[in-house]
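Please keep the sequence and the model in view while reading.

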Amino acid sequence: MLESYLPILVFLVIAGFAGLAPLVAGLVLAPRRPDENKLSPYECGFEAFEDSRMKFDVRYYLVAILFIIFDLEIAFLFPWAVVLDQVGLFGFVAMAIFVGILLIGFLYEWKKGALEWE
């Protein structure tokens, strides 16, 4: 039984070596010549003009959450479409209810103006 795990162990060792060898080689062989320009903060070619820990507008997070919600809806639709002939009418009605609830949420957010960016 233990011999059936040997190919997996060999694969893990080779994969670990293939992943770690370039990192170690870069650390060992790379030249180290620190310079003031190399160590300075970089932001689009000029010095940073604000603190990097500034607060973002809440609308940014709201749009991100809405994108995740509706992106997951699409992720559920693809497997459902593949097995639609197997799940029959019950599966179709269940997915119609799911999409309907998400559509109501989408219309509510649209009406409230959550998708508008000023």
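Glu-73 is in contact (heavy atoms within 4.5 Å) with Phe-98, Val-99 and Leu-102, when its neighbours within four places in sequence are left aside. The model is a predicted one, in which local features need pLDDT of at least 70 and side-chain atom pairs count only at pLDDT 80 or more, whereas totals for chains, interfaces and linings use all residues. Residues are numbered from 1 along each chain as its sequence is written, and side-chain values use heavy atoms, with hydrogens and water left out.

Glu-73 belongs to helix α3; helices here are DSSP runs of H or I with at least four residues, strands are runs of E with at least two, and both are numbered from the N terminus. With a relative accessible area of 12%, Glu-73 is buried. Buried means under 20% relative accessible area, exposed means over 50%, and partly exposed lies in between, with a 1.4 Å probe and protein chains only. Between Glu-73 and Val-99 there are 26 residues in sequence, yet the C-alpha to C-alpha distance is 7.7 Å.

Leu-77 is also placed in helix α3. An α-helix has 3.6 residues a turn, so residues three or four places apart point the same way. Leu-77 counts as partly exposed, because its relative accessibility is 22%. Not counting residues up to four places away in sequence, Leu-77 touches Met-95 and Val-99. The C-alpha atoms of Leu-77 and Val-99 are separated by 9.0 Å, although these residues stand 22 apart along the chain.

The partner helix deserves attention next. Which residues of α4 are buried? They are Gly-91, Met-95, Leu-102 and Glu-109, and they pack against α3 (58–82). Helix α4 covers residues 84–112, and its end C-alpha atoms are only 34 Å apart, short of the 42 Å that a straight helix of its 29 residues would reach at 1.5 Å a residue. Such an expected span is 1.5 Å times one less than the number of residues. At Phe-90, α4 bends by about 75°, the bend being the angle between axes fitted to the seven residues ending there and the seven starting there. After α4 comes Gly-113, whose phi is positive, near 85°.

A bend of about 30° occurs in α1 at Leu-20, and Pro-22 follows within four residues. Of the residues of α1, zero are buried, so α1 lies largely in the open.

The chain as a whole can now be described. Four helices and zero strands make up its elements, which run α-α-α-α from the N terminus. Of its 118 residues, 6% count as buried. Its accessible surface comes to about 10900 Å², with 73% belonging to carbon and sulfur atoms; such areas come from the Shrake-Rupley method with a 1.4 Å probe, and for residues only the protein chains shown count as cover.

An unreviewed UniProt entry annotates residues 6–30, 60–81 and 87–108 as "transmembrane region"; annotations of this kind may be inferred rather than shown by experiment. In the model, residues 6–30 are 96% helix, and residues 60–81 are 100% helix, with end C-alpha atoms 32 Å apart.

Confidence is expressed as pLDDT, the predictor's score for each residue from 0 to 100. The chain averages 84, and 88% of the residues score at least 70. Confidence is lowest in helix α2 (residues 36–39), at a mean of 78, and highest in α1, at 95.
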